Amino acid sequence: MVEYRIDRRSGVATYVQIVQQTKQALRLGLLEPGDKLPTAREVVEATAINPNTVLKAYRELEREGLVEARRGLGTFVRRSLSTTPADSPLRTELDAWAERARASGLGRDDIAALFTAVLEKHFQGEPS
């Protein structure tokens, strides 16, 4: 099950963070069709956010066709975004690279900026 982490200092709306984290879990294969998302109550207890914020995120995911709400049962994944499994050798290499970057003194924002710059170089003109 996915565990949401809310960064209140990020400047990104809380519901958007939930949507992004859910999509990331779908891309990494951590969530698959049929999996149940945490209930709004579980997310509220873990993150201390407003239940309506969770429901707004889940509605957005439903609007995009990624999840479906089943009355009285919960919210379930409808389709995956996974193309690379979570245990991919590429993930292992990237993990090692991030460790080296951090050990060299780079902070989270520095690493993210560096990674984003490399992505932009390799994917110029392509949609996200």
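UniProt, in an unreviewed entry, places the feature "domain: HTH gntR-type" at residues 12–80. Bear in mind that what we have here is a predicted model. Over residues 12–80 the chain is 51% helix and 12% strand.

Next, two helices. Two packed helices are described by the angle between their axes and the distance between the axes. Here I take H2, residues 40–47, and H3, residues 51–63. Their axes come within 9 Å and cross at roughly 125°. That makes H2 oblique to H3, because an angle from 65 to 115 degrees would count as roughly perpendicular and one over 145 as roughly antiparallel. The crossing of H2 and H3 is right-handed.

Which residues in H2 and H3 meet? From H2 there are Ala40, Val43 and Val44, and from H3 there are Pro51, Val54, Leu55 and Tyr58. By class, this contact of H2 with H3 has seven nonpolar residues, with no polar and no charged ones.

Now the aromatic rings. A pair of aromatic rings is described by the distance of the centres and the angle of the planes. With ring centres required to lie within 6.5 Å, the count comes to one aromatic pair. The partners are tryptophan 97 and phenylalanine 115, with ring centres 6.4 Å apart. Their planes are at 45°, so the pair is tilted.

Where do the two residues lie? Tryptophan 97 is in helix H4, residues 89–103, and phenylalanine 115 is in helix H5, residues 108–122. The pair therefore ties together parts that are 18 residues apart in sequence.

How values were computed: Residues numbered from 1 in each chain as written. Predicted model: local features only at pLDDT ≥ 70, side-chain atom pairs only at ≥ 80, totals over all residues. Heavy atoms only, no water. Axes fitted to C-alpha atoms, helices over the stretch in contact; angles between N-to-C directions. Helix = DSSP H or I, 4+ residues; strand = E, 2+ residues; numbered from the N terminus. Parallel < 35°, antiparallel > 145°, perpendicular 65-115°, else oblique. Left-handed = near helix turned anticlockwise from the far one by under 90°. Contact = heavy atoms within 4.5 Å. Nonpolar A, V, L, I, M, F, W, Y, C, P; charged D, E, K, R; others polar. UniProt positions renumbered as here; feature names shortened; annotations may be inferred. Phe/Tyr/Trp six-rings, centres within 6.5 Å; stacked < 30°, edge-to-face > 60°.
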